[in-house]
Amino acid sequence: MRISINRLKKYIALTQSPEEIAALLTQSGLEVEGIEEFVSIPGGLEGIVIGEVLTCIKHPDADKLSLTTVDIGANEPSQIVCGAPNVAAGQKVLVATVGATLYPTEGDAFTIKKAKIRGQASEGMICAEDELGIGSSHAGIMVLDTDLPNGTPASQIIPVTHDHILEIGLTPNRADAASHLGVARDLKALLGKELCIDSSPEIKKEAEGPKISVNVENSTNCPRYAGVTITDLKVGPSPQWLQDFLRSLDLEPINNVVDITNYILHDLGQPLHAFDAAQISEGKVIVKKLPKDSKFVTLDEKERKLSGEELMICDSKGGMCIAGIFGGIGSGVTENTTSIFLESAYFSPDVIRKGAQYHGLKTDASFRFERGTDPNMPVYALKQAVKLLQEIAGGKVASDIIDIYPQPVADFEIDVEYGHINRLIGKKIAPTEVKSILESLEIQVENETEQGFKAIVKPYRVDVTREADIIEEILRIYGFQQVALSENLRTDYLAEHPAKDLNKLQYRLSEILSGQGYFEIITNSLTKPSYAEKSGFLDASQNVEIYNKLSEDLGVMRQTLLFSGLEVLSHNINRRQTDIKIFEFGTVYQKGETGYEEGKRLAIFHTGNKSAESWLEEAKPFGFADVYSTVERILEKLGIQVGDVSMIESQPFTYGLRLMLGQKELGIIGLVDEKMLKLAEVRQEVWFAELNWDLICKKASGLKRYQEISKFPEVRRDLSLVIDKTVNYDQVKSVALKAGGKLLQRIGVFDVYQGDKIESGKKAYALSFYLQDQENTLTDKVIDKTMSKLIQAFQNEVGAVIRS
């Protein structure tokens, strides 16, 4: 769940940094998993200033360019070459100064540098909308109507929203915190500050509109249903502040009416739904269940068969919405809508949860309803939405507020004893402090005695229904860190986290490699000093020498598993065993600045043919892909994602790759150089990989566990990318996995081309992308959106050109 710091500050006076706020919330049980900076305009218009065009003449060597001098508030005017057709002397314009980075609406970001354009110096750039990333127009430069001085930052005339977004890992019990108001309530208790909550505005009928009646046939599953009719609406884009708020939460603005309902949902935690009043047959809204196997088309244009157990919002003809989950295609707000019926309700969590699971629909509304919303919020949220609809969409109230609430949900009454508080927390807390904490959480304390009291809890706290829950609330605000652990603390029911069994991990991986046709070897840790002295890639000064050496050939401890493995290959090749796949878990040693060091490594060797010659097929020699795929499978099995990958064109390889995990080297893979082979008397090609087993064990999440195959079909889409030769496949794969999200299951390469049909210095990858949703059948819209994200990421991050 994403929470805006800017919006929190509207509720409570916050002077703390985002990091301090995150720490407070995490300590109280709302774990902040990340903090993200949000800027409404990429780059924040840094380095963009207001300028005035002093002179504008035709470029002497280009018909479509102009040579201008622009006052940007510096000591001297700047000369700028401009290609816009509408540039003229006397204009106030926006200028990107030298060093500024632009983030255009389309294409990659770029930095402004001093340049010569057709022989004329140019120090900056006069900008159009799309070049600044604030619009799509490229008809010409932006001409301003302003009296602000030249050199004024552009952000003073074009508002830029700066915000920090908290990513909160909300646990299922904290439904009350699934909103900005809910998080602000916790901060109020933690900081001892008051909340600033807008008063409930007065709503009066001010126009005539469609007459809408409401009949709740199933009050068990819909204890409260409220609504109001709004007319004279002008559906269109939302104001910039509302669009910025939604985008900061990773929501795409749709139109002012829908955006307001989304705003209220994330701000107050109350889902709303707007029906086009003209589409409500006979002006009747009926809350009921429809017969099993009734057909209903939802907003995603998918026809669904109802189970008969989900609650429906209907008109006289049939269903308009799956209550609390998803709207129908026929009653939604469009650009032609002028009147709406705005719904705000409290539904039973059970019926919403079952309906969402049956249809495989997880929406922001169902997320909240199925966990339990505040039954006292619907009318307040409705009034706040009406206020915004009046201000933003020009709406007028065309009815009184309908509020059907036959049996109000009662507050929870919980008896609490001070002795139980002190026993469960493990520390005596003064009754005055207990009372203060509970009141800050809007929990009333009544009938207080020396032994205890009665706690009155509002129903929006669906997780606080027992004495133990009250005690937990006290502790999380008081602070877990303030309760010291006793030296003799003991328990019969808590167990330590099981330690990772590294020997078992090694044994299981050995079984896997053996099952793929590898033989395991165990070699001597003592080796020849000449390997380090003659190889050219080992430092002989780092050899760990043996004082009482048995011979010169076994005089030092090995720094790598390479040569001990090559000796095994040489022994076998000399006996006509030329096709070999072997691996070894072994220890390497070296002398460092702080003393002797040792580490565990996993080595893999391939040499000869991977398949013997027969009447069925020709002999196929091992290649780089064979050893690389083995390494890839090992890392995948252990749940390790490789970081940077770089080329190696030095010893011990003719060519190879270096794999990184953060700042540490994970391993190396490549074709062993002939010089190394001669040292071990090997006379055929050897492919070698050496992995840092200590680092792997530290980062491994254990052997991957497999799950049942999804019942929803997999979809394949292909793309052909033209990229620079310097860009390797791992970079492409990393970009794809990041952009594709959870829908992208795997990537395949079915062709690589370099030749005269594409530009020199380029190569073409033909890639297949396999998409699958574990909970739903993918629609064309979702697939197209995912592929668009992939294409955009390839273009922006690796400079790819998409071949059609």
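Okay, let's start at a strand pair: Glu 545 has Val 556 in E32 as its bridge partner. Before I go on, this is a predicted model, where local features need pLDDT of at least 70, side-chain atom pairs count only at pLDDT 80 or more, and totals for chains, interfaces and linings use all residues. Residues are numbered from 1 along each chain as its sequence is written, and side-chain values use heavy atoms, with hydrogens and water left out.

Back to the strands. E31 and strand E32 (residues 556-557) run antiparallel and are joined by 2 bridges. When I say strands pair, I mean DSSP finds at least two bridges between them. Helices (H or I, at least four residues) and strands (E, at least two) are DSSP runs, numbered from the N terminus. Now the whole sheet: it's open, has 3 strands in the order E30-E32-E31, and the pairing is antiparallel. Strand E30 (526-527) and strand E31 (544-545) are the edges, each pairing on one side only. As a reminder, strands of a sheet pair through backbone hydrogen bonds, either parallel or antiparallel.

Next, a couple of hairpins. Strand E20 (residues 311-314) pairs with strand E21 (residues 319-322) over 3 bridges, in the antiparallel sense. Ile 313 sits opposite Cys 321 in E21. There are 4 residues between the two strands of that hairpin, and Gly 318 takes a positive phi near 160°. E21 then goes on to strand E22 (residues 326-327), again antiparallel, with 2 bridges. Cys 321 turns up here too, opposite Gly 327 in E22. This hairpin has 3 residues between E21 and E22, and Gly 324 in the turn has a positive phi of about 75°.

Over to helix H15. It covers residues 562-573, so to speak: 12 residues, reaching 16 Å from first C-alpha to last, close to the 16 Å expected at 1.5 Å a residue. That expected span is 1.5 Å times one less than the number of residues. Which residues of H15 are buried? Those are Leu 562, Phe 563, Ser 564, Gly 565, Leu 566, Leu 569, Ser 570 and Ile 573. Buried here is under 20% relative accessible area, exposed is over 50%, and partly exposed is in between (1.4 Å probe, protein chains only). The cover over those buried residues includes helix H14 (529-535), strand E34 (595-607) and helix H17 (674-679).

E34 is also where you'll find Phe 605. Why does Phe 605 count as buried? Because its relative accessibility is 0%. Its contacts, meaning heavy atoms within 4.5 Å, include Leu 562, Gly 565, Leu 566 and Leu 569, and also Tyr 518 and Trp 687, leaving out residues up to four places away in sequence.

Another one to look at is Ile 425, in helix H10 (residues 418-425). Ile 425 counts as buried because its relative accessibility is 8%. Beyond four places in sequence, Ile 425 touches Ile 471, Ile 474, Leu 475 and Val 483. From Ile 425 to Glu 129, 296 residues apart along the chain, the C-alpha separation is 59 Å.

Last stop, Val 297 in strand E18 (residues 295-297). Val 297 is partly exposed, at 31% relative accessible area. That's my tour, so over to you.
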